[in-house]
Amino acid sequence: MMGRQSGQMSMIILDLSELIPENHLLRKINQMISFDFIYDLVAPYYPANGRPSVDPVSMFKMLLVGYLYGVKSERRLVQEVQLNIAYRWFCGFELTDKIPDHSTFSKTRLRKWNESRLFQEVFCEMIRRCVKSGLVDGKELAADRTYLPANVSKDSWMDTEVEAELSMQSYLDRLDEELSKQPGFKRPPAKTIRKRRTTSKTDPDSGCINHGKKSGIGYLMETTVDCKYGIITGVDVYPANEKESLLVLRHLEWQIQNGVPMQNIALDRGYDTGAVHRGLELLGITGYIPAIQVSNSPEKYGFYYLPQEDAFCCPEGAKLVYQRLNCSQTTGKYLRCYQVQGDTCRHCKQNATCFKQTGVRHRILGSSCYPAFYRGHERIGSDTYWHMMRLRKIWAEGSFSVLKREHRLSKIRKRGIPAVTEECLLSAMALNLKRMVRAILLTSHML
């Protein structure tokens with residue numbers, strides 16, 4: 001006999017959690033971390049009276065679901081939460097509850113969350129918990145940046161002239177203070193110049209990059225990853241035309257202030273400047289950075305550095321000792337001046353060909369932090385160096401690949417630094433949650 005549904009309605013008492021498999025990702029996340037601390041973060045921005053709002057924790061979890069499962073549209077996200085029992089349960093909605101409309105997200109962001117810096121605070125809290133539980137130990141880290149294309153049309157690109165103050169390049173406050181005590185330091189006078197900048201009419205915060213395969217209008221995301229379990233410990237966003245070497249030290253300093261331990265870090269050759277090497281030392285971090293090949297280095301002419309004396313020695317044995325800092329009035333960049341004492345070079349048989357220059361005293365201009373620059377290069381080629389370079393490829397470059405492929409960062413959807421930072425933080429949190437679950441399961445099996 002053929003069976004047929006009766007079509008009659010029945011009443012049942014149902015616990016949604018019973019329908020979620022034990023090994024489901026959302027169940028594991030729910031067991032691992034409670035997001036109730038969000039209530040305290042946003043409490044000052046909600047009035048004590050009036051109509052109750054949508055639960056902020058539920059809304060935040062909805063956004064996390066979108067980034068965990070790559071749901072790119074908030075309209076689509078509302079539909080998925082409406083239909084998917086696991087999503088509905090994780091976000092704290094019963095079967096009869098109405099799911100918030102997509103427009104509620106934009107209104108809440110503008111009125112509540114942006115003021116409370118919710119996404120930054122939640123990200124920091126998650127990292128602090130990882131440090132406390134031992135998932136982040138800071139023994140081996142990797143930092144890098146990646147290009148994120150902006151959500152703009154090529155027709156909106158435009159060249160503009162902006163006023164910029166020409167001043168000393170500032171990498172780190174402690175580094176600036178150290179330089180100011182060096183002989184010859186003289187802060188260049190304030191000078192305003194006009195610079196040409198390519199950006200977009202529809203997203204003026206974005207910048208232009210033209211570096212190898214990276215070309216277009218967009219943003220750069222600076223990220224640090226702890227290599228123990230791949231937890232992302234820091235995220236910063238800036239226009240694509242900015243130099244990553246100028247920003248990485250403050251990026252790392254902020255993480256240290258947030259309680260992230262740091263011992264060794266791997267960076268790519270774009271960070272190979274004396275200021276970065278010295279800044280890492282001031283922060284108590286050992287850096288492993290590939291060297292940029294310089295076409296006109298002193299070593300090319302037979303000079304070599306004496307680290308104990310902070311001096312160079314020429315092929316004839318004469319020493320060029322550190323004298324003072326030289327400041328370029330056009331760029332505001334400081335260089336370390338090493339110079340021969342007395343008239344040693346006057347009677348040298350190599351005088352006519354040395355550096356292909358003429359004069360009595362020859363000099364070498366090096367990085368303003370050349371001793372640290374030299375110490376950093378001394379580590380190149382060691383077993384630890386190659387180990388750190390492998391970790392950088394696995395965790396830094398690998399994390400960028402996963403973020404773009406699975407967590408909605410293949411192309412930025414929002415516009416402006418605050419909104420783009422929000423996207424990057426949510427993507428990083430989604431990846432961190434997956435890796436936290438995997439790490440906890442791994443450690444539990446090892447016990």
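**Entry 1: two helices side by side**

How closely do the axes of helix H9 and helix H10 come, and at what angle do they cross? I looked this up first: the axes of H9 (residues 244-257) and H10 (residues 274-282) come within 9 Å and cross at roughly 10°. That makes H9 roughly parallel to H10. My note on terms: angles under 35 degrees count as roughly parallel, over 145 as roughly antiparallel, 65 to 115 as roughly perpendicular and the rest as oblique. The axes are lines fitted to C-alpha atoms, for helices over the stretch in contact, and the angles run from 0 to 180 degrees between N-to-C directions.

Next I listed who meets whom, with contact meaning heavy atoms within 4.5 Å. From H9 come Ser 245, Val 248, Leu 249 and Leu 252, and they meet Ala 275, Val 276, Gly 279 and Leu 280 of H10. The residues of this contact divide into six nonpolar, two polar and no charged. For these classes, Ala, Val, Leu, Ile, Met, Phe, Trp, Tyr, Cys and Pro count as nonpolar, Asp, Glu, Lys and Arg as charged, and the others, Gly among them, as polar.

**Entry 2: ground rules and overview**

I remind myself that this is a predicted model, where local features need pLDDT of at least 70, side-chain atom pairs count only at pLDDT 80 or more, and totals for chains, interfaces and linings use all residues. Residues are numbered from 1 along each chain as its sequence is written, and side-chain values use heavy atoms, with hydrogens and water left out.

I found 13 helices and 13 strands in the protein. Helices (H or I, at least four residues) and strands (E, at least two) are DSSP runs, numbered from the N terminus. Of the 447 residues, 47% are buried. Buried means under 20% relative accessible area, exposed over 50%, and partly exposed in between (1.4 Å probe, protein chains only). Among contacts with a separation of 6 or more, 69% link residues 24 or more positions apart.

**Entry 3: a crossing pair**

I then turned to helix H3 (residues 56-68) and helix H4 (residues 74-83), whose axes come within 10 Å and cross at roughly 105°. That makes H3 roughly perpendicular to H4. Here Met 62, Leu 63, Val 65 and Gly 66 in H3 meet Glu 74, Leu 77, Val 78 and Val 81 in H4. By class, I noted six nonpolar, one polar and one charged residues in this contact.

**Entry 4: helix H7**

The buried residues I wrote down in H7 include Phe 119, Phe 123, Met 126 and Ile 127. Just after H7, Gly 134 takes a positive phi of about 90°.

**Entry 5: strand E1 and its partners**

Eight of the nine residues of strand E1 (residues 141-149) are buried, so E1 is largely enclosed by the rest of the structure. E1 pairs with strand E5 (residues 214-226) in the antiparallel sense over nine bridges; two strands pair if DSSP finds at least two bridges between them. Tyr 147 has Leu 220 in E5 as its bridge partner. Two bridges also join E1 to strand E7 (residues 264-266), and these strands run parallel. Leu 141 stands opposite Ile 265 in E7.

**Entry 6: the five-stranded sheet**

Which strands form the open sheet, and in what order? I read E9-E10-E11-E12-E13, five strands with antiparallel pairing. At the edges are E9 (304-306) and E13 (363-367), each pairing on one side only. The twist averages 40° from one strand to the next. E11 (residues 319-327) and E12 (residues 334-340) share seven bridges, and Asn 326 has Leu 335 in E12 as its bridge partner. Helix H11 (residues 370-378) lies across E9, E10 (311-313), E12 and E13, running at about 90° to E12.

**Entry 7: two loop residues**

Ile 380 sits in the loop between H11 and helix H12 (383-406). Ile 380 is partly exposed, with a relative accessible area of 31%. Not counting residues up to four places away in sequence, Ile 380 touches Ile 289, Pro 290, Ala 291 and Tyr 385.

Gln 308 is in the loop between E9 and E10. Gln 308 is exposed, at 71% relative accessible area.
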